[in-house]
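Me: Here is the model I want to go through. Keep the answers plain.

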Amino acid sequence: MTRVILVELLFFLLPFAAFGAYLVIARSRLDALMAREDVRAIFRALDGEGEEVRIVGGALRNALMGLAPGDVDFATTARPEVVRSRARRAGLKAIPTGEEHGTHTVIARGTPFEVTTLREDVETDGRHAVVAW
């Protein structure tokens, strides 16, 4: 009887142990991503003065899955003109690659990053949208 209970307890706890290991791997990948000097340059340039910047998309998904991040994309609360201004002030190159969507390619240490302003679709026909920052 005791052996059965121990086996059942093991099968109950095993997923939690695996999840704990998963969190350690994911955390180490996120830490490695945040330690990159090019990524840190984006945060230094855009995060602060009332604005936030976040890593989004596939890089975040991959890091959480314990995989290599690939391309790193950012979302920010800063309006497109603020992104451009702050990037240039920090010595980074900002190229408006999708300005109607609030997207700039910001080059830090030779690496291009897409930085998109968070927006709200105020009106849409299903294909095109009028956006508000």
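**Charged pairs, core and sheet**

Me: What is the relative accessible area of E37?
Reply: E37 has 30%, which makes it partly exposed. Buried means under 20% relative accessible area, exposed means over 50%, and partly exposed is in between, with a 1.4 Å probe and protein chains only.

Me: What sort of model is this, and what are the ground rules?
Reply: This is a predicted model, so local features need pLDDT of at least 70 and side-chain atom pairs count only at pLDDT 80 or more, while totals for chains, interfaces and linings use all residues. Residues are numbered from 1 along each chain as its sequence is written, and side-chain values use heavy atoms, with hydrogens and water left out.

Me: Back to E37. Which residue does it form a salt bridge with?
Reply: R44, with the closest N and O atoms 2.5 Å apart. A salt bridge here is a side-chain nitrogen of Lys or Arg within 4 Å of a carboxyl oxygen of Asp or Glu. R44 is exposed, at 54% relative accessible area.

Me: How many salt bridges in the whole structure?
Reply: The search finds 8. One of them joins E81 and R79, whose closest N and O atoms are 2.8 Å apart. Salt bridges that share partners also join E37, R40 and R44 into one network.

Me: What about R89, which residue is its partner?
Reply: R89 forms a salt bridge with E49, at 3.7 Å between the closest N and O atoms. The pair links distant parts of the chain, 40 residues apart: R89 is in helix α4 and E49 is in the loop between α2 and β1. Helices (H or I, at least four residues) and strands (E, at least two) are DSSP runs, numbered from the N terminus.

Me: Are those two buried or exposed?
Reply: R89 counts as exposed at 58% relative accessibility, and E49 is exposed at 65%.

Me: Changing topic. How many residues of α2 are buried?
Reply: In α2 (residues 37-46), 7 of the 10 residues are buried, so the helix is mostly covered. The buried ones are D38, V39, A41, I42, F43, A45 and L46. After α2 comes G48, which has a positive phi near 130 degrees.

Me: Which residues have the most contacts inside the largest nonpolar core?
Reply: V39, I42, I55, V72, F74, L92 and V106, in a core of 21 residues. A nonpolar core is a set of buried Ala, Val, Leu, Ile, Met, Phe, Trp, Tyr and Cys residues joined through side-chain atoms within 4.5 Å.

Me: Which elements give two or more residues to this core?
Reply: α2, β1 (53-56), α4 (80-89), β4 (103-108) and β5 (111-117). α2 gives the most, with 6 residues.

Me: And L92, what is it in contact with?
Reply: Leaving aside neighbours within four places in sequence, L92 is in contact with A41, I42, A45, A87, V106, I107 and A108. Contact means heavy atoms within 4.5 Å.

Me: On to the sheet. What is the strand order?
Reply: β1-β2-β5-β4-β3, in an open sheet of 5 strands with mixed pairing. The edge strands are β1 and β3 (93-98), each pairing on one side only. Two strands pair if DSSP finds at least two bridges between them.

Me: How do β1 and β2 pair?
Reply: In the antiparallel sense, over 4 bridges, with β2 spanning residues 73-76. T76 in β2 is the bridge partner of V53.

Me: Which strands does α4 touch?
Reply: α4 packs on the sheet and touches β2, β3, β4 and β5, and its direction makes about 10 degrees with that of β4. Axes are lines fitted to C-alpha atoms, for helices over the stretch in contact, and angles run from 0 to 180 degrees between N-to-C directions.

Me: Where is T117, and is it buried or exposed?
Reply: T117 is in strand β5. At 2% relative accessibility it counts as buried. Beyond four places in sequence, T117 touches T76, A78, R79, P80, V83, H101, G102 and W133.

Me: Last one, E52. Where does it lie?
Reply: E52 lies in the loop between α2 and β1 and counts as partly exposed at 42% relative accessibility.
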